[in-house]
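Colleague: I would like to go through a model feature by feature. Please give the general idea each time, and then the case at hand.

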Amino acid sequence: MIDLSIDTINSWIHPKGPVALVLKQHLVPVEGPEGVFFPPTYADLASNYNIDTLSDGTKVVTVDSVGSQANRIEPIFGTDPDLIRLVPQISIELEPGKSISLLHAGHRLGDAIVRSSEGLKEDAQAAFNVFLSKGDATPLAKLGPTSLVFGVWDSRDTQAKLPRLLQSVIRAWDVDRLTRSAQYTPAADYSKLEVFSEADKEKADGNAKSPLAQRGFVAVPAPGAHGGVLARGSIIRDVTINLIALRRLASEIDTEKLHRYILGLTLVAATEPMDGFLRQGCLLVPQIPASSSWEEVARTGERTAIPLTSELARSLAIRWAAEFGVGKSRTVKFSKDRAIDDLPDKTVAKPGKSKKEA
């Protein structure tokens, strides 16, 4: 393992420097290596879990997708007292007393909430157009720098697209899918209490779709429900910092300062200790003893372990943010009229019009 000298850190933005920083972090359920945990479910999948079967029969399940990981990490720049000052805090006021941070917008500067906000739409559009026409990412970095870290595609307007600098995904290997069953029994026999008749009870018993069952008045079995998975192999979180994509960002003012600023934010996001509570039934923690470390990947494919820590990342990010100059924080107002104007005319009926009229 090498020391993180200034030369090593500087090489990350040097044109001939390494291509990536990577982490392969081994995780385990809090219950232990043989603990059952629950992946996300998807309505359009037959099994509802995203399970792929490899050519050798090994089953791999997605535990947390790239997009989900990004959405979990990004809000730290609006909640952590030490990180709030690293990015502009832009809040969209939906109505008096109710606001949402841009850091919670799933598509970031390309989100519908941006196009529906007074002033923010124009600023985002201008920043995207500067990037498209001049290749200058400075206006984007001043307005919404996390859009550069986690990627953004302004697919509904300018079509500007910037790749993710940080990618994180969790997969579990060699998994078995489990099921579980349950039986609901009402607290009382409501037919005997003359709430409804015995005939109504017999008709509704065991029928989950019956009105009485849906209101909890009769017994209902729930067999064969999702029971999570058991991983016989590893649960791995793969984190990649794409240094080539970072170097492709340019600035007409000072490209080096832009690179350092965005790299600092990316390092902070990548090294932040993971909040392992992904969903009900899925609480994961790093495996102890630790079997993972950050590596620097050279253009030759050579890998070198590096002592990259959250503390170091924060100190670098704070210094580089001060040198670059963080954009201004502000509150903008959501515009119902702008949102309505942004609706697709041919597919959605706008208020006051039928779908045919729209």
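Modeller: We take the chain as a whole, then a helix, a hairpin, a pocket and the cavities.

Modeller: This is a predicted model, in which local features need pLDDT of at least 70, side-chain atom pairs count only at pLDDT 80 or more, and totals for chains, interfaces and linings use all residues. Residues are numbered from 1 along each chain as its sequence is written, and side-chain values use heavy atoms, with hydrogens and water left out.

Colleague: How many helices and strands does the chain have?

Modeller: Helices (H or I, at least four residues) and strands (E, at least two) are DSSP runs numbered from the N terminus. The chain has 13 helices and 16 strands. Its C-alpha trace spans about 80 × 60 × 40 Å along the principal axes. Of the 358 residues, 42% are buried, where buried means under 20% relative accessible area, exposed over 50%, and partly exposed in between (1.4 Å probe, protein chains only).

Colleague: Is Arg260 buried or exposed?

Modeller: Arg260 belongs to H11. Arg260 counts as buried because its relative accessible area is 13%. Its side chain makes a polar contact of 2.8 Å with the side chain of Asn10. A polar contact is a pair of N or O atoms within 3.5 Å; within protein, one must be able to donate a hydrogen and the other to accept it, and residues adjacent in sequence count only if both atoms are side-chain atoms.

Colleague: Which way do strands E4 and E5 run relative to each other?

Modeller: In a regular strand the side chains alternate between the two faces of the sheet. Two strands pair if DSSP finds at least two bridges between them. E4 (residues 90-95) and E5 (residues 98-101) run antiparallel and are joined by four bridges. Ile92 has Ile100 in E5 as its bridge partner. The two strands form a hairpin with two residues between them, and Gly97 in the turn has a positive phi of about 85°.

Colleague: What lines the second largest pocket?

Modeller: Rolling a probe the size of a water molecule over the atoms shows where empty space is left. On a 1 Å grid over the protein atoms alone, a cavity is a set of points where a 1.4 Å probe fits but cannot get out, and a pocket is an open set with protein on both sides within 12 Å along at least five of seven lines; lining residues have an atom within 4 Å of a point. Here the lining includes Gln69, Arg237 and Phe277. H2 supplies the largest share, three residues.

Colleague: How many cavities of 30 Å³ or more are there?

Modeller: The count is three. Among the residues lining the largest cavity, Pro88, Leu102, Leu103, Gly144 and Thr146 lie nearest its centre. The second largest cavity has Leu109 and Asp157 among its lining residues, and H5 gives the most, with four.

Technical notes:
Grid points are joined across faces, edges and corners, and a volume is the space filled by probe spheres set on the points.
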